[in-house]
Amino acid sequence: MKVKSWIALVFLGPNLLGFLAFTLLPIVASLVLAFYSWDLFSPPKFVGLQNFVDLIGWRINESGSLEAVNPRFWYYIYNTLFLMIGLPFAIFGSLFLACLLNRRLLGRNLFRLLYFIPSIVGGVGVYLLWKWIFQPDYGLINSVLWYLGLDGPRWLESTFWVKPALMLMNFWGSVGGMNVVLYLAALQNINPELYEAAEVDGAPPWLQFWKITWPMVSPTTFFILIMGIISGFQGGFDAAYVMTRGGPAGASTTLSYYIYETGFQFFYMGRASAASWLLFLMVMAFTWLNWKTGANRVHY
Amino acid sequence: MYKERRIADIRDVRTRTLEISKRTTIWLLLLLLGISMIYPLLWMVGTSVKTIDPILLAEEGARSSIFPEGRDILKNLFPERWHWENFIEVFREVPFGRYFFNSVLISGVVTIGQLITCSMSAYAFSRFSFGGRDKLFFCYLGTLMVPVTVTLIPTFILLSWMGLIDTYFALIMPGMFSAYGTFMLRQFFMGIPKDLEEAAGIDGCGPFRIFWHVILPLSKTALATLAIFCFLANWQSLLGPLVKVNSDELKPLTLGLLNFVDLNSANWPLLMASSLISILPLIVLFLLGQRYFVSGIRLGGVKG
């Protein structure tokens, strides 16, 4: 529709103003800030690439070997990536649930509801709940393990177990949610004749799953994977802030928690901006990589 | 012939029993998984009505305690007597009502704001032709992948320059515009057939009346979906308020709960009662708007 430009501006204006002021301008400002050293109180100082070197730089130490300028930052990258190991489990879990739910069963809608609810409750309240569940002596998890004759670990207090604990919590919060809805939609689009033909040929159920279901839902899997990786890179702040304060010994500090800490507790605004841009670049690189490698393995 | 039929019958019965037993197994499996998914929330309810008061515990026995004897998770799920007074206690100890009100206010206003600004810009993007439209839309799309942490620091600095840190304005204003909402609604508007608008145009309707009387009524589902997702996200958001607010009377529930943790670090019944109050609106919203969840996921997701 051709309209006078003032009309277009009236419609576009409110959102555009907000978009410029609270999205586009901050993005540019943050990139500029990444090259400055600034603590909010004294005037900002241009430092070139120093912030980036301080984060991901390498140097040769006295004994002549290569070492990271800031090994902690690499550790936080590792933490962030490590927490994403939970992603394939959640994907398979969702697909498994969707396959079970994709048939006429008594109380099917009730089941869907049961599985969905953990994924819509969230925020500080749920993190507090899980802090209580992981309580080493009387928590729910260790009580269950005790039933099975196991002595549970000290979960959130252990540098080794804190990450599996967070992964378990994330699994609970995502497995029955929107991914199941997406998979159910994908399963309903598969032509039932494919299964009938396989049945006639005597293919066992697991083979039918592997040769028909899995390839046919691969676009959905691909989508879920990409979204999961994008949010995985940015995730972990809320849980770390409420449950562990990034500890013990930084074992649950993810990139977003590090950026918050650097910017708003130590007031290194420049370095925090540089770190958030590194995070952004990582998200883009991974998404691009996924796109390149995944696109030809997906069946449309 | 008679014999043949009997064999077929037997075979039929056999496959049917096989089918029934398979179904029962799947059903039992689903039930078991469902219970284990929901059990943490039951545990939350159970803990919230227990007590740590030693006098009451002496009366009621260890089952009312959060540290029961033995580790029987089924027997210890609920206490001897349900201490509903915990839920009143929560409101007495901290200004929990105020936190709750703040959360409703912030999430509500942000949601209404997004509905207005996003539907208008989405209409402009989907129906008007003006110079640079596609480039601008591409700009919007490009920012969808930018992490929140990138914009957090400059937004904070901008707000503090304007002297607006620690105000409702800081909590509400930046959230009222969303590239995602614009994108989602634009996709939906694109799917609305243009014949209706053309007919309305011939009848002498201008773009404002077409937007108000044709487009918006046809997009109720998409608008409801955006509203629900927006409300949920704002209700749960922690990082933004954490950075922008210091004074107690402006804090939303998320921050209020953290205050509560500092005051009662070991009082798990009270902590769980307050957490339960904070997630209850989410469950209610979900139950009321279930179908919008499903349609929203499909709208934002892939086709097929």
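Which residues in helix 4 of chain B meet which residues in helix 11 of chain B?

Author: This is a predicted model, in which local features need pLDDT of at least 70, side-chain atom pairs count only at pLDDT 80 or more, and totals for chains, interfaces and linings use all residues. Residues are numbered from 1 along each chain as its sequence is written, while chains are lettered from A and ligands numbered from 1 in the order in which they are written.

From helix 4 of chain B, the residues are B:Ser103, B:Ile106, B:Ser107, B:Val110, B:Thr111, B:Gln114, B:Leu115, B:Cys118 and B:Ser119. They meet B:Leu223, B:Leu226, B:Ala227, B:Cys230, B:Phe231, B:Asn234 and B:Trp235 in helix 11 of chain B. Two residues are in contact if their C-beta atoms, placed from the backbone, lie within 7 Å. Helices (H or I, at least four residues) and strands (E, at least two) are DSSP runs, numbered from the N terminus. By class, this contact of helix 4 with helix 11 of chain B has ten nonpolar, six polar and no charged residues. Here Ala, Val, Leu, Ile, Met, Phe, Trp, Tyr, Cys and Pro count as nonpolar, Asp, Glu, Lys and Arg as charged, and the others, Gly among them, as polar.

Two packed helices are described by the angle between their axes and the distance between the axes. For helix 4 (residues 96-127) and helix 11 (residues 220-236) of chain B, the axes cross at roughly 140° and come within 9 Å. Axes are lines fitted to C-alpha atoms, for helices over the stretch in contact, with angles running from 0 to 180 degrees between N-to-C directions. Helix 4 and helix 11 of chain B cross in a right-handed sense; a crossing is right-handed if the near helix is turned clockwise from the far one by less than a right angle, and left-handed if anticlockwise.

Helix 6 (residues 124-133) and helix 13 of chain A have axes that come within 9 Å and cross at roughly 50°. Helix 6 of chain A is therefore oblique to helix 13 of chain A, where angles under 35 degrees count as roughly parallel, over 145 as roughly antiparallel, 65 to 115 as roughly perpendicular and the rest as oblique. Their contact involves A:Val124, A:Tyr127, A:Leu128, A:Trp130 and A:Lys131 of helix 6 of chain A, together with A:Asp238, A:Ala239, A:Val242 and A:Met243 of helix 13 of chain A. Seven of these residues are nonpolar, none is polar and two are charged. The crossing of helix 6 and helix 13 of chain A is right-handed.

Helix 3 (residues 71-83) and helix 8 (residues 162-174) of chain A pack at about 40°, with axes 10 Å apart, and are therefore oblique to each other. Their crossing is right-handed. In helix 3 of chain A, A:Asn79, A:Phe82 and A:Leu83 meet A:Lys163, A:Leu166 and A:Met167 in helix 8 of chain A. The contact of helix 3 with helix 8 of chain A has four nonpolar residues, one polar and one charged.

Chain A as a whole has 15 helices and four strands. The radius of gyration of chain A is 24 Å, well over the 19 Å that the globule rule gives for 300 residues, so chain A is more spread out than a compact globule. This radius is taken over C-alpha atoms, and the rule is 2.2 Å times the number of residues to the power 0.38.

Of the 300 residues of chain A, 41% count as buried. A residue is buried if 20 or more other C-beta atoms lie within 10 Å of its own, exposed if 12 or fewer, and partly exposed in between, with C-beta atoms placed from the backbone. Helix 9 (residues 178-188) of chain A is mostly covered, with eight of its eleven residues buried, among them A:Val180, A:Tyr183 and A:Ala186. Helix 10 (residues 192-200) of chain A, in turn, is hardly covered, the count of buried residues among its nine being zero.

The two chains also meet each other: 70 residues of chain B are in contact with 76 residues of chain A. On the chain B side, helix 1 (residues 2-48) supplies the largest share, twelve residues. That side divides into 50 nonpolar, 16 polar and four charged residues.
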